[in-house]
Amino acid sequence: MSSADQTPEQSVEPSPDAVPGPRPPRLTAAAAVCALEALALVVGGIHLLVSGFVGTPESTSQAESGGATLIALGVIPLLAARGLLLRRGWSRGPAIITQLMALPVAWTLLRSSGAMIPAGIALAAVAVTGLVLLLSPSTTHELGLRRG
């Protein structure tokens, strides 16, 4: 069959977004950081929802709405992680916003007491690592973004 006989559905041309070659480790690590944050948000949201339904929180409606909010917020870094793995330029924005939103939460945890301090340290380390990975010139290049 010649190329003239092929229908548009049968042609095998690479996607304009496809970048040849292996994915750089920084991009994979940035996607992993976003996926980790998405997992933490979803698990925290499920925990709040379950405690709102079966536990005795101070306010069941607050626990339930907080859980639903955390689960919904977990979708953002999950989509960003997938976009980073697929080398989509749009994915860097939501990923950076997620890291920036994590920093005040980490600060609040650091100012508390007990077991929350190590959690704040871990969250701050993950957020700063994510920002460094996302803002590196190699990530910008791999996502096809131009420097401003």
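User: In this predicted model, is threonine 140 buried or exposed, and what is its relative accessible area?
Analyst: Threonine 140 belongs to helix α5. A residue is counted as buried when its relative accessible area is under 20%. Threonine 140 therefore qualifies as buried, its relative accessible area being 9%.

User: Leaving aside neighbours within four places in sequence, which residues is threonine 140 in contact with?
Analyst: Contact here requires heavy atoms within 4.5 Å. With neighbours within four places in sequence left aside, the residues that threonine 140 contacts are Arg92, Leu135 and Leu145.

User: Which helices are included in what covers the buried residues of α3?
Analyst: The buried residues of α3 include Arg92, Ala95 and Ile96. The cover over the buried residues of this helix includes α1 (25-54), α2 (60-85), α4 (116-135) and α5 (137-142).

User: How are the buried residues of α3 placed around the axis, and what arc do they cover?
Analyst: The buried set consists of Arg92, Ala95, Ile96, Thr98, Gln99, Ala102 and Ala106. These residues lie on the same side of α3, because the arc they cover around the axis is only 150 degrees. An α-helix has 3.6 residues a turn, so residues three or four places apart point the same way. On the other side of α3, Trp107 and Thr108 are exposed.

User: What span should helix α3 have, and how far apart are its end C-alpha atoms?
Analyst: Helix α3 comprises 19 residues, 92-110. At 1.5 Å a residue, the helix should span 27 Å. The distance between its end C-alpha atoms agrees with this, at 27 Å.

User: Which element gives the largest share of the largest nonpolar core?
Analyst: This core has 14 residues, of which Ala30, Cys34, Leu84, Ala95 and Leu134 touch the most other members. Two or more residues each are given by α1, α2, α3 and α4. The largest share, five residues, comes from α1.

User: Which residues does alanine 95 contact, leaving aside its neighbours within four places in sequence?
Analyst: Alanine 95 is one of the buried residues of α3. It is also among the core members that touch the most others. Leaving aside neighbours within four places in sequence, alanine 95 is in contact with Cys34, Ala80, Leu84 and Leu134.

User: Where is serine 91 found, and which backbone oxygen does its side chain reach?
Analyst: Serine 91 lies in the loop between α2 and α3. This serine is buried, with a relative accessible area of 0%. Beyond four places in sequence, serine 91 is in contact with Ala80, Gly83, Leu84 and Leu143. Its side chain reaches, at 2.6 Å, the backbone oxygen of arginine 88.

User: At what distance does the side chain of serine 59 reach the backbone nitrogen of glutamine 62?
Analyst: Serine 59 sits in the loop between α1 and α2. Its relative accessible area of 22% makes serine 59 partly exposed. The side chain of serine 59 reaches the backbone nitrogen of glutamine 62 at 3.2 Å.

Notes. Residues are numbered from 1 along each chain as its sequence is written. This is a predicted model: local features need pLDDT of at least 70, side-chain atom pairs count only at pLDDT 80 or more; totals for chains, interfaces and linings use all residues. Side-chain values use heavy atoms; hydrogens and water are left out. Helices (H or I, at least four residues) and strands (E, at least two) are DSSP runs, numbered from the N terminus. The expected span of a helix is 1.5 Å times one less than its number of residues. Buried means under 20% relative accessible area, exposed over 50%, partly exposed in between (1.4 Å probe, protein chains only). The arc is that of the directions from the helix axis to the C-beta atoms. A nonpolar core is a set of buried Ala, Val, Leu, Ile, Met, Phe, Trp, Tyr and Cys residues joined through side-chain atoms within 4.5 Å. A polar contact is a pair of N or O atoms within 3.5 Å; within protein, one must be able to donate a hydrogen and the other to accept it, and residues adjacent in sequence count only if both atoms are side-chain atoms.
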